[in-house]
Amino acid sequence: LVDPFIVWTSRQRVVVLPGTLSEPTIEPVPFEVRDLTTTSALPLTGGAPLDLTWTAVPSAPDYRIAWAAGVDFAVIIRDTIVEATSASIDLGGSGTYYVRVSPRDSTGASGFPVALPDSVDVTN
């Protein structure tokens with residue numbers, strides 16, 4: 001856990017009976033998307049959607065897509081939850097945006113966010 005994000009998960013359970021010694025081996029699994037890309041022609045013009053795709057995280061039932069005006073994501077302009085590994089989103093009016101995707105676990109906790117490598121410009 002890297003507050004407030006989940007970085008690794010494990011789907012293994014270990015049962016140790018009272019009075020026994022055990023040395024369980026648990027292999028953590030990264031909890032972040034891979035290969036986040038856009039297939040949209042940039043810059044976006046006149047309200048065109050931003051098309052995103054990424055590689056699925058096996059233990060994530062859904063994903064949070066968030067966008068901000070600053071690379072630090074200090075103020076998120078908007079976000080949305082999707083169940084697929086692709087989405088088309090409307091970023092909003094003219095400006096420069098930064099976009100990231102996080103997997104979410106079954107409780108709604110977010111995995112480590114992965115951002116598009118470049119900003120996305122929207123023009124009129």
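**Strands, salt bridges and core of a predicted chain**

R100 lies in strand β9, strands being DSSP runs of E of at least two residues, numbered from the N terminus. The model is a predicted one, in which local features need pLDDT of at least 70 and side-chain atom pairs count only at pLDDT 80 or more, while totals for chains, interfaces and linings use all residues. Residues are numbered from 1 along each chain as its sequence is written, and side-chain values use heavy atoms, with hydrogens and water left out.

The predictor's confidence in each residue is given as pLDDT, on a scale from 0 to 100. Its mean over the protein chain is 90, and 94% of the residues reach 70 or more. Where pLDDT is low, the predicted coordinates should not be read in detail.

R100 is buried yet has no salt bridge. Buried stands for under 20% relative accessible area, exposed for over 50%, and partly exposed for values in between (1.4 Å probe, protein chains only). A salt bridge requires a side-chain nitrogen of Lys or Arg within 4 Å of a carboxyl oxygen of Asp or Glu. For R100, the nearest side chain of opposite charge is D79, 8.0 Å away; here Lys and Arg count as positive and Asp and Glu as negative, with His and the chain ends not counted. Contact means heavy atoms within 4.5 Å. Not counting residues up to four places away in sequence, R100 touches residues including F5, R64, I65, F73 and P113.

The salt-bridge rule gives a count of 2. One joins R64 to D79, with the closest N and O atoms 2.5 Å apart. R64 is partly exposed at 21% relative accessibility, and D79 is partly exposed at 34%. Another salt bridge is formed by the side chains of D62 and R104, at 2.8 Å from N to O. This pair links distant parts of the chain, with D62 in strand β6 (residues 62–68) and R104 in strand β9 (residues 95–104), 42 residues apart. Both D62 and R104 are buried.

A nonpolar core is a set of buried Ala, Val, Leu, Ile, Met, Phe, Trp, Tyr and Cys residues joined through side-chain atoms within 4.5 Å. The largest one has 24 residues, and L50, L52, W54, I65, L91 and V99 have the most contacts inside it. Strands β5, β6, β8, β9 and β11 (120–123) each supply at least two residues of this core. Leaving aside neighbours within four places in sequence, I65 is in contact with residues including L52, W54, A87, I89, V99 and R100.

Strands count as paired if DSSP finds at least two bridges between them. Strands β5 and β8 run antiparallel and are joined by 4 bridges, with L52 opposite A87 in β8. Strand β8 (residues 86–89) has A87 and I89 on its covered face, and S86 and S88 on the uncovered one.

Two loop positions remain. A84 sits in the loop between β7 and β8 and is partly exposed at 36% relative accessibility. Beyond its neighbours within four places in sequence, A84 is in contact with W54 and Y63. G47 is in the loop between β4 (44–45) and β5, partly exposed with a relative accessible area of 45%.
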